[in-house]
Amino acid sequence: MAAVMAMPDVEAAAQRLGINLSSVDLDDIRLPPGDDFGIPSDDDEDLLAREELEFESGFGNVVVVDNLPVVPPEKFEKLENVVRKIYSQIGVIKEDGFWMPTNPETKKTLGYCFIEYNTPQEAELAREKTNGYKLDKSHIFAVNLFDDFDKFMKVPDQWTPAEIKPYVPVENLHKWLTDEKGRDQYVICAGQETEVLWNDARQLKPELVYRRSQWTESFVQWSPLGTYLATMHRQGVAIWGGGSTFNRIMRYAHALVRLIDFSPGERYLVTYSSHEPNGPRDTHRVVLNIFDTRTGKVMRDFKGNADEFMTGTAGGVSGVSWPVFRWGGGKDDKYFARIGKNVISVYETETFSLVDKKSMKVENVVDFCWSPADPILALFVPELGGGNQPARVSLVQIPGKEELRQKNLFSVSDCKMYWQSNGEYLAVKVDRYTKTKKSTYTGFELFRIKERDIPIEVLELENKNDKIVAFAWEPKGHRFAVIHGDNPRPDISFYSMRTTHNSGRVSKLTTLKGKQANALYWSPAGRFVILAGLKGFNGQLEFYNVDELETMATAEHFMATDIEWDPTGRYVATSVTSVHEMENGFNIWSFNGKLLYRIPRDHFRQFLWRPRPPSLLSAEKEEEISKNLKKYSKKYEAEDQDVSLLLSEQDREKRKMLKDEWERWVKEWKRLYDEEKAERRRLRDGEASDEEEEYEAKEVEVEEILDSVEEVVP
């Protein structure tokens with residue numbers, strides 16, 4: 001490259017050569033073709049900064065699809081159309097880029113084909129997406145890149161042992177579960193700061209685990225089993241893990257991502273972005289990616305208009321209800337589904353294709369939900385034809401798509417479905433029109449899923465016209481609670497799906513009259529529930545024991561916006577987020593309503609307990625521990641006593657420190673007082689004593705003429 005010359009050097013050289021620079025038009029200077037004299041122009045630098053274009057080299061853009069059906073000439077075109085349809089969804093197949101060889105003698109196909117794409121990236125994606133694709137029971141695709149065959153041919157005939165890489169220890173992602181104190185973690189976001197903390201209820205304060213500024217650009221989210229913490233960024237999503245260090249584990253590229261959702265077993269991550277139209281001819285576009293959580297690979301993507309991802313009549317971000325995909329079948333992440341116009345599309349994660357290669361056609365379906373424990377779908381279809389065709393709720397078994405139970409419903413205004421956490425019961429809240437069609441009343445259809453033929457029971461409130469404010473099942477239990485009534489102070493009723501004689505009839509346990517509550521929060525362990533009055537009730541809290549049917553405590557967290565139990569059911573967090581300008585922060589309570597500590601934080605945005613994975617103990621072992629709880633509790637009672645003594649000792653030390661500080665302050669002021677004694681005596685005209693009782697009080701009357709007026713009397 002030529003040496004760079006300063007402008008004075010250029011002017012000196014021009015003067016030496018007799019060139020007048022003022023008369024030279026630099027724009028007219030043209031270098032010889034192909035010669036830049038080692039000085040690249042600004043345009044050249046821009047070109048050099050760009051990525052080099054990929055040109056075809058070899059056969060990297062060709063895939064070989066094996067295990068196709070062997071068909072005669074008359075079926076050749078049909079098979080070609082089927083294969084083209086599958087592979088054209090991934091990328092553009094070149095003109096004359098499809099070749100399916102045939103046997104010269106029989107004229108039948110040989111069971112494989114070659115497909116040529118425009119780019120190697122499309123070919124690689126085709127291999128990833130369709131290797132193992134199930135065309136039918138007898139034909140599962142085996143897909144390879146054409147270039148791989150050269151690699152396969154170079155495999156040596158003699159086996160050589162693989163290189164053993166040294167083991168590099170990594171942090172145990174579940175180490176936090178081994179905390180000796182049995183504490184739980186939570187994450188908070190306030191302003192630009194994100195913190196993970198231990199809930200140290202014994203010490204009545206949190207303990208910092210990890211803090212990071214600008215860790216996320218919007219929100220954070222735990223994975224369902226608590227293994228990962230996801231953070232949101234403009235370029236995509238990152239997940240972090242560990243007990244204390246929180247190292248980054250994986251990144252998932254998805255520009256302008258707005259929402260995420262983990263599968264129940266944490267195997268997959270769904271990301272969502274919404275792209276507004278740039279012009280009148282553009283449409284509102286939606287992009288969804290499903291990533292393998294561990295590898296970071298995109299298992300499948302979905303793109304289209306926002307209208308294609310509308311879920312029934314529900315609304316969400318930019319008109320799309322979230323989550324778009326709903327996971328079912330328990331923790332094994334085997335199936336996921338989404339609703340469309342007159343269809344429910346159920347996918348299997350083995351191939352990420354539709355179950356039986358087609359969606360379920362359900363005319364006018366508006367909502368569905370999975371059983372939390374089994375691959376069973378509950379779906380709702382409203383009335384059709386002005387009431388001539390009744391509404392219905394159906395239970396469908398996946399993958400067979402067999403209808404297990406159906407219930408027709410008449411004069412239906414609206415319907416909501418609530419699964420119990422173990423999948424044992426399904427409650428369907430049905431709002432029905434009265435005969436005049438001018439008002440509605442509410443009842444419940446209760447499905448007993450685990451019983452033979454799935455019996456259904458109808459429950460109606462004593463006052464049919466009561467508005468249903470809230471409904472919630474007891475986790476892992478058989479009870480549920482309903483807030484109902486039109487008054488400012490509604491009633492709360494508790495019901496059980498079991499009776500004393502276990503007759504299979506729902507029974508009412510009690511009704512609490514006139515409560516300041518509009519939300520229900522059951523403990524994850526059952527038994528206890530918080531009757532909460534949020535929004536208009538300004539954070540009223542009532543801690544209720546459903547076993548004893550008694551109130552344990554009442555409290556208030558003024559302006560509370562959120563309530564969340566910890567995963568063990570021992571503690572509760574109530575918080576005021578920045579939707580309110582004042583009182584931002586959170587409180588931690590015991591299960592029975594005792595306030596443990598209060599943490600104020602400005603611009604407080606989010607509080608999330610870290611979820612725990614299911615217990616590894618069997619039901620029998622848990623029952624044994626429950627029966628012998630006194631035996632185990634002695635150890636923890638001793639620890640609690642030690643902590644209590646420690647706190648008492650800390651309190652004594654604190655009081656002693658305050659007393660010592662007070663005495664030092666008094667001593668200092670006494671010293672200053674003694675130093676100023678001479679000055680005080682001087683100011684008292686020689687009087688030596690400072691004691692008030694040694695002085696004699698004298699009263700002196702002073703008369704002062706304020707005004708004088710003379711009047712002349714005639």
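**Entry 1: a term to start.** A residue counts as exposed when its relative accessible area is over 50%. I looked up His603 with that cut-off in hand. Its relative accessible area is 56%, so His603 is exposed. I am working from a predicted model.

**Entry 2: His603 again.** I checked the backbone next. His603 has a positive phi of about 55°, yet His603 is not a glycine. I found His603 in the loop between β42 (595–600) and β43 (604–609).

**Entry 3: other positive phi values.** I turned to Asp356. Its phi is positive, near 60°, and Asp356 is not a glycine either. Asp356 sits in the loop between β21 (353–354) and β22 (360–361). I also noted Glu266, with a positive phi of about 70°. Glu266 is in the turn of the hairpin formed by β14 and β15, which have five residues between them.

**Entry 4: strand β15.** Strand β14 (residues 259–262) is joined to β15 by four bridges, and the two run antiparallel. Across this pair, Leu259 stands opposite Tyr272 in β15. I then looked at strand β16 (residues 285–292). Eight bridges join β16 to β15, again antiparallel. Here Leu269 stands opposite Phe291 in β16. How many of the eight residues of β15 are buried? I found seven buried in β15 (residues 268–275), so this strand is largely enclosed by the rest of the structure.

**Entry 5: the largest nonpolar core.** I counted 22 residues in the largest nonpolar core. Those with the most contacts inside this core are Val63, Val65, Tyr87, Ile115, Tyr117 and Phe141. Several elements each supply at least two of its residues, among them β1 (62–66), β2 (93–99), β3 (112–117) and α4 (120–130). Which element gives the most? I found that α3 does, with four residues.

**Entry 6: Tyr87.** I picked Tyr87 and left aside its neighbours within four places in sequence. Tyr87 is in contact with Val65, Ile93, Ile115, Tyr117, Ala126, Thr130, Phe141 and Val143. I then found a second, separate core of 18 residues. Cys369, Phe380, Leu395 and Met417 are included in this second core.

**Entry 7: cis peptide bonds.** I looked at two prolines. The peptide bond from Trp322 to Pro323 is cis, with omega near 0°. Pro323 has its place in the loop between β17 (298–305) and β18 (326–328). Ile398 and Pro399 are also joined by a cis peptide bond, with omega about 15°. I located Pro399 in the loop between β25 (391–397) and β26 (402–409).

Note on methods: Residues numbered from 1 in each chain as written. Predicted model: local features only at pLDDT ≥ 70, side-chain atom pairs only at ≥ 80, totals over all residues. Heavy atoms only, no water. Core = buried A, V, L, I, M, F, W, Y, C linked by side-chain atoms within 4.5 Å. Buried < 20%, exposed > 50% of the residue type's maximum accessible area, 1.4 Å probe, protein only. Contact = heavy atoms within 4.5 Å. Pairing = 2+ DSSP bridges.
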